[in-house]
Amino acid sequence: MSTAPPAPKEAPKSPHIWTGNSDQEDRVETLIKKSGCWDLHLKVSDCMGEYRDWRKCQDVVKEFRTCVQSVQVGEPPKEDTPKATELKK
């Protein structure tokens, strides 16, 4: 009887693996892109991928939250935040 541990699961190839089919965009991603906060969303994802600890990413999370909240109250996104149409270039 072998007591070898099970083989480790393969790590995701992309930090955006949860979106399922890469040809089909997630509704949440579409909303974030329309909000103008997409770059900050990517920064949060990159930080979480690098540190795997949300506590080390609080500065970026706060920036993203502020961006999303400003859109929710009707303020236009910051000018330095590209809109979804600019990101598809």
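1. **Ground rules.** This is a predicted model, in which local features need pLDDT of at least 70 and side-chain atom pairs count only at pLDDT 80 or more, while totals for chains, interfaces and linings use all residues. Residues are numbered from 1 along each chain as its sequence is written, and side-chain values use heavy atoms, with hydrogens and water left out.

2. **The place of cysteine 57.** Cysteine 57 sits in the loop between helix 2 (38-51) and helix 3 (58-72). Helices here are DSSP runs (H or I, at least four residues), strands are DSSP runs too (E, at least two), and both are numbered from the N terminus. The chain as a whole has 4 helices and 0 strands, giving the pattern α-α-α-α when read along the sequence.

3. **Its surroundings.** Is cysteine 57 buried or exposed? With a relative accessible area of 1%, cysteine 57 is buried. Buried means under 20% relative accessible area, exposed means over 50%, and partly exposed is in between (1.4 Å probe, protein chains only). Leaving aside neighbours within four places in sequence, cysteine 57 is in contact with Cys47, Met48 and Tyr51; contact means heavy atoms within 4.5 Å.

4. **The bond to cysteine 47.** One of those contacts is also a partner: a disulfide joins cysteine 47 to cysteine 57, with an S to S distance of 2.0 Å. Cysteine 47 lies in helix 2 and cysteine 57 in the loop between helix 2 and helix 3, so this pair ties together parts that are 10 residues apart in sequence. In general, a disulfide is a covalent bond between the sulfur atoms of two cysteines; here the cut-off is a pair of cysteine sulfur atoms within 2.5 Å.

5. **The other bond.** How many disulfides does the structure hold? The structure holds 2 disulfides. A disulfide also joins cysteine 37 to cysteine 67, at 1.9 Å from S to S. Cysteine 37 lies in the loop between helix 1 (27-35) and helix 2, and cysteine 67 lies in helix 3, so the pair links parts 30 residues apart in sequence. Cysteine 37 is buried at 0% relative accessibility, and cysteine 67 is buried at 6%.

6. **Handedness and pattern.** The link of cysteine 37 and cysteine 67 is left-handed, with -90° about the S-S bond. The link of cysteine 47 and cysteine 57 is left-handed, with -95°. Counting bonded cysteines along the chain, the disulfides follow the pattern 1-4, 2-3.
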